Amino acid sequence: MMVRILSILPVITGTICLILLLGSLIGINLGDDSSTIDMVPCEVDDSGTCFVAMTPEIDPPTIFGILDINLEISWTENIDSWFAVVESKAAINCPPSDSTWLTDCTAEDIEEYIIIGGDDEEDGVINWNVQTDEYRIVTGGREGADIGDKQVLTTNTEISFDWKVEWILFIISVTLFIGAGEMAFPIRKLFRRIREN
């Protein structure tokens, strides 16, 4: 009788794991976060040079490794501007100003460091699966972007567990439910009763 009562514990733990798994499969949407930002001007002269701006380094915590984080970045003035996510080491050759975030580099100078997006992105939306690597976000203006121009930048974040964690939760849940069933109704005793009958 006591063993059957104790079998409730793995059932409870297995149920918690199952709830976490189902929550991960559905995912958590943090909603849209919008803000109005200045566009990077493109001073088109005889050389046609358009410099880019770069954010400070973003270093996601290691715990993000067990999560699947999808970040959608959209902007309104996609005709006159672009965004990209780049490896943090892009700042070695193109350090941003501490006050303006502006660099002395163009889109071509950071092209090899781009993870997603870039000046050839014309839809105004990039979708990025966030990893635990260090990165920065860069933006630049196209021909026509001028000082004082503004646009609305919107980010949308969806979070779930990484697929490997989901599999672990599934295996743990199944194992705990089977174990609880064995504790409450041992198979060997069941077979013995069947043989006796």
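## Salt bridges

Lys164, with a relative accessibility of 46%, counts as partly exposed, whereas Asp162, at 14%, counts as buried; here buried means under 20% relative accessible area, exposed means over 50%, and partly exposed lies in between, with a 1.4 Å probe and protein chains only. The structure is a predicted model, in which local features need pLDDT of at least 70 and side-chain atom pairs count only at pLDDT 80 or more, while totals for chains, interfaces and linings use all residues. Residues are numbered from 1 along each chain as its sequence is written, and side-chain values use heavy atoms, with hydrogens and water left out.

Lys164 and Asp162 form a salt bridge, and their closest N and O atoms are 2.9 Å apart. The term salt bridge stands for a side-chain nitrogen of Lys or Arg within 4 Å of a carboxyl oxygen of Asp or Glu, and by this rule there are three salt bridges. Another one links Lys150 with Asp38, where the closest N and O atoms are 2.4 Å apart. Since Lys150 belongs to strand β9 (residues 150-161) and Asp38 to strand β1 (residues 28-38), this pair ties together parts that are 112 residues apart in sequence. A salt bridge is also formed by Glu87 and Lys89, with 3.5 Å between the closest N and O atoms; Glu87 is partly exposed at a relative accessible area of 29%, and Lys89 is partly exposed as well, at 46%.

## The chain as a whole

The protein chain has five helices and nine strands, where helices (H or I, at least four residues) and strands (E, at least two) are DSSP runs numbered from the N terminus. Read from the N terminus on, the order of the elements is α-α-β-β-β-β-α-β-β-β-β-β-α-α. The protein chain contains 197 residues, of which 32% count as buried.

## Disulfides and a buried cysteine

Cys42 is joined to Cys50, with an S to S distance of 1.7 Å, and Cys42 is buried at a relative accessible area of 7%.

The other disulfide joins Cys94 to Cys105, with 2.0 Å from S to S. Cys94 sits in the loop between α3 (90-93) and β5 (102-106), and Cys105 sits in strand β5, so this pair ties together parts that are eleven residues apart in sequence. The link of Cys94 and Cys105 is left-handed, with -95 degrees about the S-S bond, and both Cys94 and Cys105 are buried. Cys17 is also buried, at a relative accessible area of 11%.

## Surface patches

Patches consist of residues with over 30% relative accessible area and no salt bridge, with like charges joined within 9 Å and nonpolar side chains (Val, Leu, Ile, Met, Phe, Trp, Tyr) joined within 5 Å. For charges, Lys and Arg count as positive and Asp and Glu as negative, while His and the chain ends are not counted; the place of a charge is taken as NZ of Lys, CZ of Arg, CG of Asp or CD of Glu. A negative surface patch is made up of Glu108, Asp109, Glu111, Glu112, Asp119, Asp120, Glu122 and Asp123.

Phe170 lies in helix α4 and is partly exposed, with a relative accessible area of 40%.

Ile172 is in helix α4 (residues 163-184), where it is partly exposed at a relative accessible area of 34%. Although Ile172 and Gly14 are 158 residues apart along the chain, their C-alpha atoms are separated by 6.9 Å.

Most residues other than glycine have a negative phi. Trp101, which is not a glycine, has a positive phi of about 65 degrees. Trp101 is placed in the loop between α3 and β5, and at 43% relative accessibility it counts as partly exposed.

Note on methods
A disulfide is a pair of cysteine sulfur atoms within 2.5 Å. Accessible areas come from the Shrake-Rupley method with a 1.4 Å probe; for residues, only the protein chains shown count as cover.
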